[in-house]
Amino acid sequence: MKYLKIGMVCCALLTFVPFGLRAQDAESPVEAAVESSLSDSLELVQLAYRKVNLADVPSDVSVVDVQKLLETNYFTYSLDGMAALASGFNGNIWGWDEYLLLIDGVPRDASYVKPSEIEHISFLKGVSAVALYGSRAAKGVIVITTRRGKVGAQEIHVRANTGFHVPKSYPKYLGSAEYMSLYNEARSNDGLEALYSEQDVYHHGSGRNPYRYPDVDFFSSEYLKSAYNFTDVTAEVIGGGDNARYYTNFGYDREGSLLDFGQAVDNNSSNRFNVRGNIDVDINEAITSYINANAIFYTGKGVNAEFWESSATLRPNRVAPLLPISMLEAGNTSSQTLVNNSNHIVDGKYLLGGTQLDQTNAIGDVYAGGTNKYNSRQFQFDAGVNADLSGVLEGLSFSTMFAFDYATVYNLSYNNDYAVYGATWNNYAGGDQIGALTKYGQDAKTGDQEVSDSWYTQTLAFSGQFNYKRVFNDKHKVSALLLGSGFQQTESGLYHRISNANLGMHLGYVLNNKYAAEFNGAMVHSARLPEGKRSAFNPTGSLSWRISEEEFMDGVTAVDYLRLSASAGILHTDLDVEEYYLYQGYYTHQEADWHGWRDGVSRRMYNRLRGDNPNLTFPRREEFNLGLDAAMFDRKIQLNANFFVNHMTGNVVQADVLYPSYFTTGWPVYSDIPYVNYNEDKRMGVDFSASVQQRIGAIDWTLGVSGLWFDTEAVKRAENYDDPYQNRAGKAVDGLWGLESAGFFADEAEIAAAPRHSFGEVKPGDLRYVDKNNDGVIDSKDEVFLGKAGWFGSPVSGGVHLNAQWKNFSLFALATGRFGAYAFKNNEYHWVYGERKYSEVVRGRWTEETRETATYPRLTTQGGDNNFRASDFWMYSTDRFDLAKVQLSYNFSSAAVTKLGIAQLGVYVSGNNLLTLAPEREVLELNVGSAPQTRFFSLGLKAVF
């Protein structure tokens with residue numbers, strides 16, 4: 001907690017300092033407001049430990065000017081919609097499975113900064129672009145650069161945005177009567193008697209008395225709202241003078257909930273407050289410094305209930321959540337005594353319902369189970385000094401940075417017990433009434449507040465570098481950089497820290513602004529590897545040619561800019577060395593098996609879990625890529641494209657097939673199999689972006705498109721399958737494997753004639769599979785490659801954005817698409833067996849009457865092992881095209897608002913997640929066991945003072 005106190009003090013100082021700083025030669029407030037920092041054009045782009053002009057950004061780096069984007073597209077999550085704006089990014093970078101995210105050069109989470117605080121985002125994709133960041137950056141880097149102050153009179157920017165989340169869809173489960181009928185059918189299929197009588201089914205379906213014959217619908221208006229609110233407000237203060245500039249951001253947002261009953265009415269929402277202060281100070285002509293501080297306070301209030309999880313499991317006829325007191329039999333004093341002694345009379349009319357088997361339920365938990373408060377406190381601080389050393393050597397400078405972050409979360413809760421009541425019903429008085437109540441459990445409210453789920457993380461980061469930039473004879477541009485950097489992240493509960501330490505070097509040369517060569521290299525270190533193998537050198541290089549600067553292009557007026565580039569290199573990384581000491585074999589006693597020592601006495605053995613490998617080393621990313629950048633017709637058309645091919649060699653695996661069988665035993669557990677560098681993956685692809693700007697009539701149009709296609713291949717695998725078609729080598733890294741289905745078994749004769757299905761008893765209506773190896777048995781040896789899962793993003797992805805401006809109106813639209821991947825319908829909504837809750841999918845079940853039209857296997861109360869396993873029967877395409885955002889804005893003329901003391905004023909309406917076009921749209925938009933996906937409609941106002 002002491003770190004939080006220090007952070008709060010620093011943030012408070014940085015927050016109030018700006019109001020005391022004033023420009024030495026400031027413009028008048030109105031003149032300053034005209035040149036608002038929100039409309040400043042992006043000139044310098046952050047790369048690895050250096051900034052370059054926008055025109056010099058390498059091809060394998062994508063840049064998004066967030067402040068320009070916010071003028072027509074307001075969003076609240078820093079990476080929202082970036083797949084349509086940054087080529088090569090689809091949630092990951094170039095098909096990798098993770099990336100390093102830096103905020104002002106420090107590894108942080110994307111949620112730590114809101115878009116209003118961001119100047120621009122750089123997506124570093126190629127090996128040359130990421131090399132200087134070391135081992136942890138080997139799969140791509142996203143660099144978020146926050147805003148800074150500027151010389152000028154103080155500006156105050158205010159934005160308020162409010163709107164409603166509207167659910168897209170809810171799961172469709174069967175009502176009680178239909179469920180009970182089909183459950184009886186499932187029992188009949190298994191040779192069992194019906195569980196529910198026809199009279200029971202009728203009563204549950206009639207709706208006459210839902211307290212005696214419950215038909216619980218979690219998604220009804222009885223429990224949920226039709227929409228919930230989200231509101232956020234941001235205020236920014238910007239300004240400064242020649243010696244000091246400041247930027248301050250205050251933000252607050254509140255989000256509601258769909259739950260609309262019980263304790264959730266007042267205890268199910270979240271609040272977030274953040275304050276950021278960035279200050280730049282020129283100490284003298286040679287030395288400048290900066291300090292950045294950010295604090296985030298998040299509180300989420302909730303109820304001690306798993307409402308959404310239970311909505312996917314609690315069958316509709318299982319229990320009546322409420323029992324009406326008005327239906328108690330008159331004169332039943334014992335039941336009335338229970339009512340009088342209950343601590344939980346809902347709305348003055350109901351007791352909490354239950355049974356001996358269901359003494360709690362999610363709905364009862366919401367009413368009486370207590371509340372909790374999730375608290376998150378985050379503080380980030382970084383500071384740096386830049387020194388101009390031109391007095392020592394012209395073009396020489398030095399920079400250093402130190403950062404300290406601390407975050408903690410904990411949960412405070414009041415955990416209450418409550419009693420439920422089972423009803424004994426009768427109708428001898430002519431109607432249903434409760435003849436007796438049975439109490440289960442006790443009402444207990446201790447009043448003690450419990451602390452749980454406490455967690456913290458701490459980050460320390462440091463870098464120091466010498467920079468050299470100089471131009472000789474107006475045609476030789478030379479740049480160099482020598483740095484040492486590192487960061488260390490500590491997390492509660494983990495003994496070892498996540499560390500990244502490296503020495504780096506950059507060398508660059510440009511001739512006549514046409515030909516450029518660059519070297520970026522780093523010496524990396526990892527303690528996850530054995531001594532002698534903990535260091536490696538990462539060399540990368542790039543070449544570029546600005547063809548548009550050549551004399552033979554002078555007459556080609558249509559081309560404003562044309563550049564070809566190529567880069568290659570090797571990056572050593574420990575990202576996939578998942579644990580420390582994998583190179584060291586060991587015995588374990590705590591995790592060992594038990595064995596009999598003598599009659600009635602057992603002792604733990606010592607199990608050996610792996611062998612030694614003192615030669616374990618870094619996996620390596622080896623890559624080559626080509627890039628093209630072009631601008632044509634007075635830059636109305638701009639293009640960027642990159643082709644890349646890379647190999648990740650030496651991936652670490654513990655593979656039995658590489659060693660004799662006697663190296664390992666099943667019981668007692670013994671293994672001398674070491675971890676080794678063996679597996680190899682290949683990725684190849686193309687990313688591209690293009691934009692067109694054109695005025696048509698009175699409307700200024702801008703159309704942009706970005707995309708990524710990539711393919712993966714498991715080049716080398718430690719495997720020993722009997723049949724070549726099962727080899728993972730040569731297939732996609734994210735391959736889906738399973739059986740090929742061949743319809744349903746029609747009758748016993750067909751089952752008898754088919755290959756033996758080894759997964760369990762098979763009956764008519766069960767799935768039949770193809771015997772791929774023709775051995776007469778259906779088992780795991782018949783599994784084949786079925787398609788790509790898109791674990792690292794769909795093979796084809798991208799987006800399009802449109803901006804149209806007419807007078808003071810602007811229209812922005814953004815859409816994204818993902819194509820070429822598949823998934824299995826294998827959650828509890830689609831795999832319905834045993835005692836699971838029945839969803840609408842079972843209506844297509846196989847029966848004797850529907851054998852020609854069935855879309856679902858026969859129902860069963862057993863495990864259904866033959867049917868519910870990976871196969872192409874359950875596959876579906878995840879192809880989709882989403883209209884993600886539409887915003888209509890209007891900016892009032894300056895003449896209309898300056899009289900009010902306002903420099904700029906604008907309003908807008910917007911919609912998010914508006915439309916999905918997909919062959920399996922209903923599946924893609926459906927959340928099971930969690931809160932639903934939503935559309936968001938909002939109204940906003942922004943002003944500059």
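Hi everyone, and thanks for coming. Before we start, please keep in mind that the model is predicted.

Let's begin with aromatic rings. How many aromatic pairs does a search of the whole structure find? The search finds 42 of them. One of these joins tyrosine 662 and phenylalanine 663, with 5.5 Å from centre to centre and 50 degrees between the planes, and this pair is tilted. Is tyrosine 662 buried or exposed? Tyrosine 662 is exposed, at a relative accessible area of 64%, while phenylalanine 663 is partly exposed at 25%.

Now take phenylalanine 873 and tryptophan 874. Their ring centres are 4.8 Å apart and their planes stand at 85 degrees, so we call this pair edge-to-face. Why that name? Planes over 60 degrees apart count as edge-to-face, and 85 degrees is what we have here.

Arginine 683 lies over the face of phenylalanine 792, 5.1 Å from the ring centre. Likewise, the charged end of arginine 728 sits over the ring of tryptophan 737, at 3.8 Å from its centre.

On to the strands. As a reminder, strands of a sheet pair through backbone hydrogen bonds, either parallel or antiparallel. Find strand S17, residues 420-426, and strand S18, residues 433-440. These two pair in the antiparallel sense over 7 bridges. At one of the bridges, asparagine 426 has glutamine 433 in S18 as its partner. Together S17 and S18 make a hairpin with 6 residues between them, and in the turn glycine 430 has a positive phi of about 100 degrees. Why is S17 described as largely enclosed by the rest of the structure? Because 5 of its 7 residues are buried.

Elsewhere there is an open sheet of 5 strands, in the order S3-S6-S7-S4-S5, with mixed pairing. S3 and S5 stand at the edges with a single partner strand each, so one side of each has no neighbour in the sheet.

Asparagine 520 belongs to strand S22, residues 515-525, and is buried, with a relative accessible area of 3%. Which side chains make polar contacts with the side chain of asparagine 520? Among them are serine 128, at 3.1 Å, and histidine 506, at 2.9 Å. Leaving aside neighbours within four places in sequence, asparagine 520 is also in contact with residues including Ala131, Leu132, Met505 and Asn538.

Asparagine 774 has a phi near 55 degrees, a positive value in a residue other than glycine. You'll find asparagine 774 in the loop between strands S38 and S39, and this residue is exposed, at 67% relative accessible area.

Asparagine 913 also has a positive phi, near 55 degrees. Asparagine 913 is found in strand S46, residues 904-917, and is partly exposed, with a relative accessible area of 36%.

Key:
Residues are numbered from 1 along each chain as its sequence is written. This is a predicted model: local features need pLDDT of at least 70, side-chain atom pairs count only at pLDDT 80 or more; totals for chains, interfaces and linings use all residues. Side-chain values use heavy atoms; hydrogens and water are left out. Rings of Phe, Tyr and Trp (its six-membered ring) pair if their centres lie within 6.5 Å; planes under 30 degrees apart count as stacked, over 60 as edge-to-face and the rest as tilted. Buried means under 20% relative accessible area, exposed over 50%, partly exposed in between (1.4 Å probe, protein chains only). A charge sits over a ring if NZ of Lys or CZ of Arg is within 6 Å of the ring centre and within 35 degrees of the ring normal. Helices (H or I, at least four residues) and strands (E, at least two) are DSSP runs, numbered from the N terminus. Two strands pair if DSSP finds at least two bridges between them. A polar contact is a pair of N or O atoms within 3.5 Å; within protein, one must be able to donate a hydrogen and the other to accept it, and residues adjacent in sequence count only if both atoms are side-chain atoms. Contact means heavy atoms within 4.5 Å.
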